Amino acid sequence: MIALDLIADSIPPVHTSDTIQKVLDRMVEFRLRHLPIVNEEQFLGLLAEDDLIAEDDYQTPIGALALSLVNPYVLEDQHIYDVIRLFYEQQLTVVPVLDAKSNYLGLISINAITEYFAQITSVSQPGGIIVLEISNKNNSLAHMAQIVESDNAQILSSYVQSFPDSTRMEVTLKINKQDISAITASFLRYEYDIKATFNHTDINDTTRDRYDSLMNYLNL
């Protein structure tokens, strides 16, 4: 996924001839706090709501204002992770997209990023969630997938979170089964540390107790 794939065609940029009122109305319409200023195809900068609300005359064209415009943007072929980084680091609600000649192509809205995350994390699909705590030397996703698939299930999505000054990591697995008790038992059998589970059918998580009972029985 690259930046060009997430451009929101329905949100037009603003121009230097637009009034403050028109720009604020457009921000309200699309529920945004930033909009790009464009002169023909030239990107001039990103206009923030805070730049406008302190002005007295809302009929003033924005081109007549002394604005301290920020200039964040991504190129059309940059990876979506670069877009997400810009949203996060500068607390933006839109990110402009330019071509290799610095011509304005469109913008990516915060709503588009939210929808993208919903898709890649499979939030709309039913299933269970397992959160594992592992060491950074024992992070074989292939082995985790093998454990899940041994119960005729599949991993719909996964992500890894590391922690500063720690050799431990969290791996979150979204699985296409709501009853994940057998899968959690398998992870315990392979000595994985299960930090949390969600959407399993047993409200009281007795997986460890059932596993210990089974091991005691087999050792008889």
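Visitor: What makes S6 and S8 a pair of strands?

Guide: Two strands pair if DSSP finds at least two bridges between them. Eight bridges join S6 (residues 128-135) to S8 (residues 168-175), so by that rule they are a pair. They run antiparallel, and Ile129 faces Lys174 of S8. A word on the source: this is a predicted model, where local features need pLDDT of at least 70 and side-chain atom pairs count only at pLDDT 80 or more, while totals for chains, interfaces and linings use all residues. Residues are numbered from 1 along each chain as its sequence is written, and side-chain values use heavy atoms, with hydrogens and water left out.

Visitor: How do you know what counts as a strand or a helix?

Guide: Both are DSSP runs numbered from the N terminus: helices are H or I runs of at least four residues, and strands are E runs of at least two. The protein has six helices and nine strands.

Visitor: Which strands pair with S7, and what makes S7 an edge strand?

Guide: The open sheet has four strands in the order S7-S8-S6-S9, paired antiparallel. S7 and S9 (193-198) each have a single partner strand, so one side of each has no neighbour in the sheet. From one strand to the next, the twist averages 20 degrees. For S7 the partner is S8: seven bridges join the two, which run antiparallel, and Ser162 stands opposite Met169 in S8. S7 and S8 form a hairpin with five residues between them, and Asp165 in the turn has a positive phi of about 55 degrees.

Visitor: What holds paired strands to each other in general?

Guide: Strands of a sheet pair through backbone hydrogen bonds, either parallel or antiparallel.

Visitor: Which strands does helix H4 touch, and how is its direction given?

Guide: H4 (residues 141-149) packs on the four-strand sheet and touches S6, S7 and S8. Touching is contact, meaning heavy atoms within 4.5 Å. The direction of H4 makes about 35 degrees with that of S8. Axes here are lines fitted to C-alpha atoms, for helices over the stretch in contact, and angles run from 0 to 180 degrees between N-to-C directions.

Visitor: Why is Ser157 called buried?

Guide: Buried means under 20% relative accessible area, exposed means over 50%, and partly exposed lies in between, using a 1.4 Å probe and protein chains only. Ser157, in S7, has 10% relative accessibility, so it counts as buried. Leaving aside residues up to four places away in sequence, Ser157 touches Ile120, Thr121, Ser122, Thr172, Leu173 and Lys174.

Visitor: What lines the largest pocket?

Guide: Its lining is Tyr81, Ile84, Phe117, Ile120, Thr121, Ser157, Ser158 and Tyr159. S7 gives the largest share, three residues. A pocket is found on a 1 Å grid over the protein atoms alone: an open set of points where a 1.4 Å probe fits, with protein on both sides within 12 Å along at least five of seven lines, and lining residues have an atom within 4 Å of a point.

Visitor: How many of the lining residues are charged?

Guide: The lining has no charged residues, but five nonpolar and three polar ones. Asp, Glu, Lys and Arg count as charged; Ala, Val, Leu, Ile, Met, Phe, Trp, Tyr, Cys and Pro as nonpolar; and the others, Gly among them, as polar.
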